[in-house]
Amino acid sequence: MGFGTGLSGLQASSSNLDVIGHNIANANTVGMKAGRAEFAEVYASSLGASGGSNGGIGVTVSRVAQMFNQGNIRVTSNTLDLAINGPGFFKVLQTDGSAAYTRNGEFKLDKEGFIVTNSSARLQGYPTDPTGKRTTVVTEDMRLPTGSLIQPRATGTDPDPSRQGLFITANLNSGTQSQSVGGPPAVPLGSDHRANGTAVNVYDEAGNPIPLEVFFIKSDNPGEWYVRGSLDGGAATLFDMGTVTFDSAGQPTTNASLSAITIAAGAVSPGVPTAAITVPPLNIGDGSAAKPFTLTQFASKFSVYDLKQDGYAAGELTSINIAENGIVTARYSNGTSQSAGQVGLTMFRNVQGLQPINGGYW
């Protein structure tokens, strides 16, 4: 009996050393959670034995429990290295199609653009629209468009109507004298007509850039300016983009007279634009608290602070960024940024019920 008791102690100590050795061996394994040997007494049972008279015969390892303590978070140079601060697991789909869970955030891109672990298991996440809103609650393989271009978007076709068209922030000099005597200007524009001008590229549906010049030309009427567009500096083409009138405080009285313009197919060169495009009215706000006027007429020089539009050319993926909420933002060579999905985390009520397998998965 005594020999058996001593032998059980040696076996339990050996098992404990195995657990300790495993923990030490994996001290630098990312996402690894240490184990702890938990012991239990062993008694010889017999029928009719009275309480307190049953002698113990040693010890056994009842369980090797996993310790899900928070590990240290390190900064790395790999954009796809992720860490979980708090509870949760990354869900991955293994090469055999089975789901597994891991705390190891060392991810890479494979040749097809999938975000994968070192053992080629694919990270699971939620698809989103370009603004980062989830489109479904079902997870799928996270993939970046590394092997193709993102499609171009014609100016004036943003899915959100509030972002469609041209937007300007500028100041027109209130001291400017009349630049157009007797009515709106005609082509060719003179140098005084082009004194208050700026330019921006608009895009057709194939992503061709079309350089649109915008000129502000002072009329005979107090506080009134003609807004004109051109593709050639006003030499032969002139688009009527409307008029804007300012009050004595230098604020627009209305923007209702600003109008859309249509650029005909082939107006720039053969095949550019590929088809006629309609550029919405120049947006200068509506004077409300939510959309204050962005075009002013103060006693200061003509200055353009911002001029943008909603179209873009085709673009290649150049970099990505993953935010704290798991939203993956992809940046493209055309200057645009779009959400490419959201990394999903899985929570378990009982993490001790998870079964560890090779590779840092449960």
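Arg 122 lies over the face of Phe 114, at 3.6 Å from the ring centre, where a charge counts as sitting over a ring if NZ of Lys or CZ of Arg is within 6 Å of the ring centre and within 35 degrees of the ring normal. The model is predicted, so local features need pLDDT of at least 70 and side-chain atom pairs count only at pLDDT 80 or more, while totals for chains, interfaces and linings use all residues. Residues are numbered from 1 along each chain as its sequence is written, and side-chain values use heavy atoms, with hydrogens and water left out. The protein has 1 helix and 22 strands, these being DSSP runs (H or I of at least four residues for helices, E of at least two for strands) numbered from the N terminus.

**Overall dimensions and packing**

- The radius of gyration of the protein is 34 Å, whereas a compact globule of 362 residues would have a value near 21 Å; the radius is taken over C-alpha atoms, and the globule rule is 2.2 Å times the number of residues to the power 0.38.
- Along the principal axes, the C-alpha trace of the protein spans about 120 × 45 × 35 Å.
- Of the 362 residues, 37% count as buried, a class that means under 20% relative accessible area, with exposed set at over 50% and partly exposed in between (1.4 Å probe, protein chains only).
- Among the contacts in the protein with a separation of 6 or more, 54% come from residues 24 or more positions apart, contact meaning heavy atoms within 4.5 Å.

**Strand pairing**

- Strands β19 (residues 317-322) and β20 (residues 327-332) pair in the antiparallel sense over 5 bridges, where two strands pair if DSSP finds at least two bridges between them.
- Leu 317 has Tyr 332 in β20 as its bridge partner, and in the hairpin of β19 and β20, which has 4 residues between the strands, Gly 326 takes a positive phi near 90°.
- β20 is also joined by 4 bridges to strand β21 (residues 337-343), the two running antiparallel, with Thr 329 standing opposite Ser 339 in β21.
- The hairpin of β20 and β21 likewise has 4 residues between the strands, and there Gly 335 takes a positive phi near 90°.
- An open sheet of 3 strands has the order β17-β9-β18, with mixed pairing; β17 (295-296) and β18 (303-309) stand at the edges, each with a single partner strand, so one side of each is left without a neighbour in the sheet.
- Within this sheet, β9 and β18 pair in the antiparallel sense over 6 bridges, and the bridge partner of Asn 171 in β18 is Ser 303.

**Aromatic rings**

- The structure holds 7 aromatic pairs, in which rings of Phe, Tyr and Trp (its six-membered ring) have centres within 6.5 Å, planes under 30 degrees apart counting as stacked, over 60 as edge-to-face and the rest as tilted.
- One of these pairs is formed by Tyr 101 and Phe 348, which are edge-to-face at 5.0 Å centre to centre, with 85° between the planes.
- That pair links distant parts of the chain, with Tyr 101 in strand β4 (residues 99-102) and Phe 348 in the segment after β22 (345-346), 247 residues apart.
- Tyr 101 counts as buried at 18% relative accessibility, whereas Phe 348 counts as partly exposed at 28%.
- Phe 216 and Phe 302 form a tilted pair, 6.5 Å centre to centre and with 55° between the planes; Phe 216 lies in strand β11 (residues 209-218) and Phe 302 in the loop between β17 and β18, so the pair ties together parts that are 86 residues apart in sequence.
- Phe 216 is buried, with a relative accessible area of 0%.
- Ring pairs link Phe 68, Phe 89, Tyr 101, Phe 348 and Trp 362 into a cluster.
- Arg 134 lies over the face of Tyr 126, at 3.8 Å from the ring centre.

- Leaving aside neighbours within four places in sequence, the contacts of Arg 153 include Tyr 203, Asp 204 and Asp 310.
- Lys 218 is found in strand β11 and is buried, with a relative accessible area of 8%.
- A polar atom of the Lys 218 side chain lies 2.9 Å from the backbone oxygen of Asn 221.

Terms used. A polar contact is a pair of N or O atoms within 3.5 Å; within protein, one must be able to donate a hydrogen and the other to accept it, and residues adjacent in sequence count only if both atoms are side-chain atoms.
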